[in-house]
Amino acid sequence: MRQTFLTRVPGLPRISDPPTQTRGLHLRWAHHQAIANGSSKSKEHKRRRLSPKDLAPRKLVLYADKSIVVLDKPNGLVSQPSPTTSDADQTAVAFKNIESVLSLPEPLRTVHRLDKPTTGAFLLARTAAVARELSLQFLRRETVQKTYLALACGDASAFPRTRGVIESTWESVDGRVRVAPWTDADAGAEGRDPSVKKAVTEYQLVATSAVAPLSLVRLRLITGYKAQIRAQLAQVLGAPILSDTTFGTAKHVKEIQRSLGDFRIMPCLYLHSSRLSFTRYRPTGPRKEFRFGIGAPLPQAFRAVCDAAGIPLERDDLDGGVWVDGVKVRGRDAVDPEEVPATPAQSRELVQAQAQVAATSPEDTIGQLGGMWYGPGV
């Protein structure tokens with residue numbers, strides 16, 4: 001398959017290393033705090049500081065076009081820092097470096113949030129108008145899908161079924177999130193008692209390790225409360241995310257570590273923002289509205305644990321990419337809208353996908369947006 005349609009779009013530069021300081025903002029780094037033998041007493045997720053290399057735009061930026069920039073957020077980068085904390089310096093440096101390299105006329109604006117230790121797709125708007133429009137979509141939720149991958153401590157018995165829905169209460173008391181299974185009494189109080197909030201997450205049990213009590217789970221947020229996935233897996237299903245020092249315990253990590261022998265589990269939260277999709281509009285053509293999807297490649301630490309535990313991973317989860325109306329158009333194994341199937345043996349799905357992309361507009365939709373994919377497959 002030709003990859004010529006993955007080449008750079010004029011106006012968006014190749015990303016190179018940034019300076020280690022930007023516009024007077026100086027980096028302050030601290031040593032990485034490891035979780036020795038899975039100890040839940042470590043504050044690694046809260047204290048972790050990223051190096052200048054971690055904040056290089058060439059490592060952070062997955063995709064950029066005329067309206068948005070999507071980052072591959074690393075563990076330790078705060079999505080919405082308080083201006084009074086040192087985390088604000090780190091995030092500001094990252095944003096300023098990206099603005100400089102991409103020659104953006106306005107500062108980047110956050111559209112949603114990810115927990116500090118969560119990795120993956122993180123959406124930013126290039127203008128105030130785009131930020132308002134996207135923020136409204138995220139607030140209403142009808143047109144936004146947020147999909148995560150997690151390594152949960154537990155085998156298949158921890159999950160009532162292969163696919164299901166987790167419904168729970170949600171509350172935050174003094175900054176601590178607590179959830180409990182949703183009951184008829186909660187349903188009766190919902191709407192009358194403002195303290196009663198319903199959190200809903202769809203899940204799919206993708207695979208379970210044959211050598212360790214560990215499962216790969218795909219999760220889709222229906223509601224979007226703080227730490228919702230982490231709390232529900234731990235407090236409703238009893239299957240906390242691997243190395244979650246807030247909702248898990250040391251015994252979970254130690255049990256899995258023993259099962260994996262000499263392999264060392266890196267002390268990071270194994271929760272990844274795998275894919276975002278939302279409504280966008282083409283600048284030209286008879287059918288302007290379309291669904292835009294962006295996927296972030298899995299971090300190396302996540303891949304390594306899956307490999308050691310014998311958990312298979314799908315190519316799209318490994319490498320990410322860009323989707324238009326469900327058709328992959330950027331990244332490895334993307335559909336080339338100009339390519340004609342060589343033999344009848346090629347699947348009907350591929351033919352339909354190519355026809356769909358070609359019929360959507362006279363040009364590649366991402367090209368119309370001035371888009372550039374910087375992730376795997378370029």
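**Notebook: ring contacts and a pocket**

I looked up Y225 and found it partly exposed, with a relative accessible area of 24%. I am working from a predicted model. W170 is buried, at a relative accessible area of 12%.

I searched the whole structure for aromatic pairs and got six. W170 and Y225 make one of them, and the pair is stacked. I noted 4.9 Å centre to centre and 15° between the planes. This pair links distant parts of the chain, 55 residues apart. W170 is in strand β6 (residues 163-173), while Y225 is in the loop between β9 (214-221) and α6 (228-235).

Next I took F278 and F292. Their pair is tilted, with 5.5 Å between centres and 50° between the planes. F278 lies in β10 and F292 in β11 (residues 289-295), so the pair ties together parts 14 residues apart in sequence.

Then I checked charges over rings. R280 lies over the face of F292, 4.9 Å from the ring centre. The charged end of R275 sits over the ring of W323, at 3.6 Å from its centre.

Last entry: the second largest pocket. I read about 660 Å³ of space there. Elements giving two or more residues to its lining are α2 (57-60), β1 (61-64), β2 (68-73), β10 (271-281) and α8 (300-309). The lining has 30 residues, and K59, P74, T119, P299 and Q300 lie nearest the centre. I sorted the lining into 17 nonpolar, six polar and seven charged residues.

Terms used: Residues numbered from 1 in each chain as written. Predicted model: local features only at pLDDT ≥ 70, side-chain atom pairs only at ≥ 80, totals over all residues. Heavy atoms only, no water. 1 Å grid on protein atoms, 1.4 Å probe; cavity = no way out; pocket = protein on both sides within 12 Å on 5 of 7 lines; lining within 4 Å. Points joined across faces, edges and corners; volume = space filled by probe spheres on them. Helix = DSSP H or I, 4+ residues; strand = E, 2+ residues; numbered from the N terminus. Nonpolar A, V, L, I, M, F, W, Y, C, P; charged D, E, K, R; others polar. Phe/Tyr/Trp six-rings, centres within 6.5 Å; stacked < 30°, edge-to-face > 60°. Buried < 20%, exposed > 50% of the residue type's maximum accessible area, 1.4 Å probe, protein only. Lys NZ or Arg CZ within 6 Å of the ring centre and 35° of its normal.
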